[in-house]
Protein chains: 2
Amino acid sequence: MTLPTSGFLEQLDEYDRMARQAALSYLRGSGVSSYVGVPAADYLQRPGKGLRPALCLATCTAFGGDVQDALPSAAAIELFHTAFLVHDDVEDDSELRRGAPTLHRRYGRALAMNTGDGLAVLALGALRDNEYRLGRRLAAQIWSEFDLMARQTVDGQARELGWQLEGRTDLTPGDYLDMIIQKTCWYTTLLPLRVGALIGARNPADLEPMLRFGFFLGAAFQIRDDILNLIGSEAAYGKELLGDLREGKQTLMLIHLFAATEHANRDRVAEFVALPPHERSAEVIAEVLAMMQSHGSVAFAEEFARGIARSAASAFEEAFANVPDSPSRRFVRDLIPFMVDRER
Amino acid sequence: MTLPTSGFLEQLDEYDRMARQAALSYLRGSGVSSYVGVPAADYLQRPGKGLRPALCLATCTAFGGDVQDALPSAAAIELFHTAFLVHDDVEDDSELRRGAPTLHRRYGRALAMNTGDGLAVLALGALRDNEYRLGRRLAAQIWSEFDLMARQTVDGQARELGWQLEGRTDLTPGDYLDMIIQKTCWYTTLLPLRVGALIGARNPADLEPMLRFGFFLGAAFQIRDDILNLIGSEAAYGKELLGDLREGKQTLMLIHLFAATEHANRDRVAEFVALPPHERSAEVIAEVLAMMQSHGSVAFAEEFARGIARSAASAFEEAFANVPDSPSRRFVRDLIPFMVDRER
C-alpha cells in the first residue's frame, strides 16, 4: 500500500474548508428563515472529513481545471451529503453525529426531517450557478450526474432497508457490493469523480474508467465504515458504536457470519436478524459481535477491504492514465489508503 | 357564493386521473427497484382529490394551451405532493392517509422517509421532459417556479414546527396567513396556477394577479383543512381527526381561542400548547376542543374562510380578466366554493 504523501491531511482540510464555506454561503444567501437556517447549518459546522467535495475539487484540478469552477458542485455535494446524514440519522434513530447529538435529538424529528429536505433544495440551487460559470451544456451534464446519483442513492438505501425488513439470510458478498455501489459509491465517489473530471477536462472525457475506480474507492470506504461501526473508537468515529448491529444491517461481517456458522449457531444469527430493532438488546448484540470475532468475520472484512483497495490502486492508474503528475493527482491517489486506514 | 357548474366533480376526476397516470408512468419508467417502486406507488393509488394538478391543467387550458403540454408539470406537482404527504405523515406520526394506514405505519419509518426522498427525485425527473416539449427557456422558467416553491414550502413547514416547539401564545391571524402562504399556498395553488399560465400563454404572462388569487384560494383550502381536522367526518376526511390539536399546531382556531380567553382559561390553553405532543391526552384535547366550540373559535374560522373565498372570487376575475369563458376557466372558478365547502 502506498503511504500517503506528506501534506495529504492538510490538503484534505483545505478542500473541506473551501466546500463547507461555499455550502454555508449558499445557505446564508438562500433567504430561508432561521427556523430552517439554524438547524441546516448545524452539521455543516461540526468537524467532518469532507472527503466527497475534496475528491471532486482535486479531480477537477488534476484534470486541468480551475478549482473555483468545481466549487458550486462541491458545495452541492456537501449539502446533499448533509441532507442524507440528517435523514439517515432519523431513519436509524442515531444518537450521535460528529461527536454531538444528532439533529432530531436536538430539534425533534419533524424539524430535522424538514431540514434535510431544505438542504437538498439548497443543493439543487447551488447547481444552478454552473450554468453561468460553465455554460448550459456542461451544467446540464452535471445536472444529469446528480439526478442519476440521487436515484441510485435512494434505490440503494431502499434495498438495504428492504433487506432488513425481510430479515434476509441468503445474501452474498456480491449482493452487498451491488447494494453499496448504489447506496454509497454513487454519491461518495462516483459522482465527485465524474463531475470533477467533466469540469476539469471540459470536453466530455471518457468516464467509463472512472466507474471502476469510483466503485472500488467507495466500496473500500463503506466496508471500513462498517468495521468502524463495530470496533472503532467512539471518540474518533463520532457516532455511537454498534448501530448497524442494532439495525440489523446486512454488512460483509454479517454475511460472512451466516456463511461461517452452522446448525444452532446459524439459527441464532437468523433469529437475531429477524428481530425488530428495539428487541435487539445490548446482550444479544454483544453475543453476535463476539461470534463475528470468533468466526473471523471482522478479519474477513478487513482483508476484503484491503483487496478492494488494491483494485482501486490499479483502477486509479487506468482512470488517471492521461493525467500528468500533480499535487491534486497525488491527493486522489492518497485517498485510497486513507479510506481503509482511517479511524474516523 | 357561486354554485359549482354541473360536471365540476367529473372534470376534477378526469384531471386527477390524467395526472396520476402520468405520475405513475414516471415512477414505472424510472428503473428503480420494487423496494422504492412499491411504496412510492402506494399513496398514488389511493383515492385523492388531485386538486393541485387539476388546477395546473385547467389553468393551462384556460390560457389557451394544450393540456398535454402541462402534463409533465402536473405529474411533478402530484409526485412532489405525494413526497410531502409521506414526510408529513412521518413528521406528525399520523395513522391514516386517504382512509388507510400511513406509509410509515405500513413499511416502517426509514423506508417511508426514503420513499418520500425518492418521490421528490422522480418529480424533478418529470420536469426534464419540459425541455423537449416546451423548449429550454420555458422549461427553465418552470424549473425556477418549482425551486421557489420548494424553498417556500420547507420554510413554511419549519416556521410552523418552530412555533410548536416554542409553544407560542402571541400569534395573530396575520402571522398564521403569512405561514400558510409559505407552507400551503405555494405548492397547492400558486405554483399550479403560475406554471399553468406560463405554459398556456407561452409568452410570460404577468403573473402578479395570480399571486393574489392563489393566495386566497390556498388559504381557503388550508383553513378548511384545519376545520375538517377538528370537526370533520373521519370517513370522508381520510385522516384521523384532532391530529392538529395533538401536535399543538397553530391554527386560526387556536389563535382565536387565545384572544377570546382570559385569566385561568387562557393559562389552561397556554399550558396545553406548552405540553410535548405525547402528553396531550385525549381528555385534554377534548377539553380544548370544547373551549374552541364554546368561545366560537370554529365559527370564527368558518366565517374567516368564507371571507377569504369572497376575496378569492374577485381576485380570480382580475387574474383571469383576459381569459375567455371556457369549461376550464369555469372549473378554476368553481374550485373556490369547493375549497370551503368540501368534506374531504
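About 3,700 Å² of area is buried between chain B and chain A, and carbon and sulfur atoms give 60% of that area. The model is a predicted one. At this interface, 40 residues of chain B are in contact with 41 residues of chain A. The copies meet through the same surface, because 100% of the interface residues of chain B are also interface residues in chain A.

**How the two chains are related**

- Two copies of a chain are related by a rotation about an axis and a shift along it.

**What makes up the interface**

- The rule finds 16 residue pairs in polar contact across the interface of chain B and chain A, both residues being at pLDDT 80 or more.
- Four helices of chain B each supply at least two residues of the side that touches chain A: helix 2 (34-44), helix 4 (71-92), helix 6 (109-134) and helix 7 (136-166).
- Helix 7 of chain B gives the largest share of that side, with 16 residues.
- By residue type, the side of chain B that touches chain A divides into 18 nonpolar, ten polar and twelve charged residues.
- Two salt bridges are found across the interface of chain B and chain A.
- In a salt bridge between the chains, Asp147(A) pairs with Arg128(B), and the closest N and O atoms are 3.3 Å apart.

**Salt bridges within the chains**

- Over all chains, the structure holds 52 salt bridges.
- Side chains of opposite charge can pair when their charged atoms come close.
- In chain A, the side chains of Glu14(A) and Arg17(A) form a salt bridge, at 3.0 Å from N to O.
- Both Glu14(A) and Arg17(A) belong to helix 1 (residues 8-28) of chain A, where they are three residues apart, about one turn of the helix.
- Glu14(A) has a relative accessible area of 33% and is partly exposed; Arg17(A), at 41% relative accessibility, also counts as partly exposed.
- Arg46(A) and Asp42(A) form another salt bridge, with their closest N and O atoms 2.8 Å apart.
- Arg46(A) counts as buried because its relative accessibility is 6%, under the 20% limit.
- Asp42(A) is buried as well, with a relative accessible area of 8%.
- A network of salt bridges links Asp42(A), Arg46(A) and Arg106(A).
- In chain B, a salt bridge joins the side chains of Arg168(B) and Asp170(B), at 2.7 Å from N to O.
- Arg168(B) counts as partly exposed, at 23% relative accessibility.

- Thr59(A) is part of helix 3 (residues 51-62) of chain A.
- With a relative accessibility of 0%, Thr59(A) counts as buried.
- A polar atom of the Thr59(A) side chain lies 2.6 Å from the backbone oxygen of Leu55(A).
- Apart from neighbours within four places in sequence, Thr59(A) is in contact with Leu193(A), Gly196(A), Ala197(A), Met210(A), Phe320(A) and Val332(A).
- Leu241(A) is 182 residues from Thr59(A) along the chain, and the C-alpha atoms of the two are separated by 33 Å.

Conventions
Residues numbered from 1 in each chain as written. Chains lettered and ligands numbered in written order. Predicted model: local features only at pLDDT ≥ 70, side-chain atom pairs only at ≥ 80, totals over all residues. Heavy atoms only, no water. Contact = heavy atoms within 4.5 Å. Buried area = accessible area lost by both parts, 1.4 Å probe. Salt bridge = Lys/Arg side-chain N within 4 Å of Asp/Glu carboxyl O. Polar contact = N/O pair within 3.5 Å; in protein donor to acceptor, adjacent residues only side chain to side chain. Nonpolar A, V, L, I, M, F, W, Y, C, P; charged D, E, K, R; others polar. Buried < 20%, exposed > 50% of the residue type's maximum accessible area, 1.4 Å probe, protein only.
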